[in-house]
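Visitor: I have a model open on my screen and would like to walk through it with you. Could you help me read it?

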Amino acid sequence: MKYIISGILGAATLGMVATAASAGTLEDVKAKGFLQCGVSTGLAGFSAPNDKGDWQGLDADFCRAVAAAVFGDGTKVKFTPLSAKERFTALQSGEIDLLSRNTTWTINRDTALGLNFVGVTYFDGQGFMINAKKLPGVNSALQLSGAAVCVQTGTTTELNLADYFKANKMEYNPVVFEKLEEVNAAYDAGRCDVYTTDQSGLYGIRLTLGSPDDHVVLPEIISKEPLGPAVRQGDDKWYHIVKWAYFALLTAEELGITQANVEEMKASGNPEVKRVLGTETDTKIGTDLGLGNDWVVNIVKAVGNYGEVFERNVGQGSPLKIARGINALWTKGGLQYAPPIR
Amino acid sequence: MATQDIPHDVGGGRASLLYDPKVRGIFFQILVVVALTAFVYWIIGNTVENLKRANIASGFAFLNGRAGFDVSDTLIAFDSDSTYKRALLVGLINTVVVAAAGIITASILGFLIGIGRLSNNWLIRKICTVYVELFRNIPPLLVIFFWYFGVLSVLPLPKESIELPFGSFLNSRGFYFPKLIWGEGSMLVPVALLLGIAMSWFVARQARQRQMATGATFPVFWTSLALIVGLPVLALVATGFPLSFNFPQKSTFNLTGGLQIKPEFLSLYLALSFYTAAFIAEIVRAGIRGVNKGQTEASSALGLRSGQALRLVVVPQAMRIVIPPLTSQFLNLTKNSSLAIAIGYPDLVAVGGTVLNQTGQAIEIVVIWMVVYLGLSLITSGFMNWFNAKMALVER
């Protein structure tokens, strides 16, 4: 029933905000005094509350980066946990200002759903996890014919799964849940043989299971899952702010600007660093966006650069220990590439 | 609206029209209708305008698109190449199936427990009271979780399935039982079954007429049972047992072959039945209590045994009290079936939610949901009103 209600509320707000929304998201956010950011209901490494109730993770830190760019203070964020099914309605209806919730960028979402994806904060792909103790001898996804597969509804995962099994002429039995916790519980209880979602998610979920060492992630990656933040269409100013907040994280890493050295770097002689950090004379690097010229400084002070965010949440500084791989900067053979800030 | 005739003031002209309550009544009715229409029109127009401004596609054309996802429980053919429309139909059928099965079970269980609460046996009475108080006071969602996580998910994995008689298995993936395969000439069996039912109906009618005319009774129940069970068995013997079974077999992951009832369906069905049965039991108890004690005493004075008195005198009168609140319980059960989403049973809300998310057509899906549940409820209450009217004829 909750969904019907939220759907109706969504529809109603769509009708109501007709005049209010034209003020612009940036002005609305500034007037409110905080950024309302949509995150997952709890996915380790991306957005999950820690034991003190603070949201941690790559996606949560991206929210903080945007808040820092707008307010100069990364703590001015309120998080809205959303299920896969609720996320788009929440953004469309104006309930949240920014959706940063391990969401795959697709053409349908970018057009017919009225969203604008700002970039790819994490390049992912869909994988499979099985309980190796219960299923010895299975070491490839192609051996999964006849299996019961746990999957979360309303995701691209659900569609890729159907495509993959159809393309390989295999049978399967989908066990579909609405919330991530429900999928985890069902898989842990043995309701299904296979868990499928984005591979980064599988590593995170594995840690939350009863006995993580029993479970293995199969080598196959069956899809491209570029995960990124999204905003509503029709507000270019806000879209640019969020997009360049992401590029600022990448640029800071490229230039070696870190959370620790950002104050010293302000005095740097390197003209590129000076330009990015807004210390050039008569700079308009931030005002053109509608922000202060020190917006990049604020972002880096709040969360660090992209590399720091990555390592802290999903990389070597986290229990997930995911390698940078294709998420490394382009200079290091990865896919993360930012247009110049000038 | 007040429509009594007031003598018109003949000389008043326009003034009299203004003060005529009839004219004024019509005027205000028209005003309300116009205002309501304008409001609805404004809401729709505003929504369409804003959807357009937010670049969100709208309309029902998306229903013909390829679904691309699979659904676990399908009674009609469905795969990822089917349309969204068909996916919603699958969900609707699942909702109707679980609601219908739940209504039947809840009614039977509820009647038994309701009568049990009035039993003279202390133990039966107390057990029924505990049942009602327990299930009536727990939210239905928790009852569903109890069956799903508490009972069905602690069953063993497929490899260690519990073996039941007749080649059936029970494990955490559900209940597996042999599938009947109809061989050549087996069509005679359902024909014999239908014949048996028709003949039983005829016998019952004859017996009633004879009892009316002569007062002599006839063992209708046992005759009907013999006809309904005996004729198909006879047909089986005559055709030389053309039936065979497809037994569930263990394979790498699951059991294959046979028929499977999934734990999602089982837990939803059991939870809804057990939960609603508690309410129905109370309604039935109230209905029976509502029949004057003198009726029971009069029937025993006529020489009816207590079972006969209950069946022939008390229950028919109790039904008139029971049916209207029973309708509400049936509607509640149907609507509670939307809790299926919590355990992943693909009912209309769950499948609709998936379609909503894959297409982003929130408003359209919500409209479909509302129309379908409204339709189901109206059909149910229409049927129950008909049933109520039929039972009311018994009134003397």
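This is a predicted model: local features need pLDDT of at least 70, side-chain atom pairs count only at pLDDT 80 or more; totals for chains, interfaces and linings use all residues.

Visitor: What is the mean pLDDT of chain B?

Guide: In chain B, 95% of the residues reach a pLDDT of 70 or more. For the complex, the predictor gives a pTM of 0.79 and an ipTM of 0.75. As for chain B, its mean pLDDT is 86.

Visitor: Which helix of chain A gives the most to the side that touches chain B?

Guide: Let's start with the contact itself, where 41 residues of chain A meet 39 residues of chain B. On the chain A side, at least two residues each come from helix 1 (2-16), helix 4 (87-92), strand 9 (147-152), helix 6 (156-167) and strand 10 (172-177). With eight residues, the one that gives the most is helix 1.

Visitor: How many residues on that side of chain A are nonpolar?

Guide: The side of chain A that touches chain B includes eight charged residues and 13 polar ones. The nonpolar residues there number 20.

Visitor: Which strands stand at the edges of the open sheet in chain B?

Guide: Four strands make up this antiparallel sheet, in the order 1-2-3-8. From one strand to the next, the twist averages 20°.

Visitor: What is the bridge partner of B:F169 in strand 3 of chain B?

Guide: Strand 2 (residues 168-171) and strand 3 (residues 174-177) of chain B run antiparallel and are joined by three bridges. In strand 3, the partner of B:F169 is B:Y176.

Methods: Residues are numbered from 1 along each chain as its sequence is written. Chains are lettered from A and ligands numbered from 1 in the order in which they are written. Two residues are in contact if their C-beta atoms, placed from the backbone, lie within 7 Å. Ala, Val, Leu, Ile, Met, Phe, Trp, Tyr, Cys and Pro count as nonpolar, Asp, Glu, Lys and Arg as charged, and the others, Gly among them, as polar. pLDDT is the predictor's confidence in each residue, from 0 to 100. Two strands pair if DSSP finds at least two bridges between them. Axes are lines fitted to C-alpha atoms, for helices over the stretch in contact, and angles run from 0 to 180 degrees between N-to-C directions.
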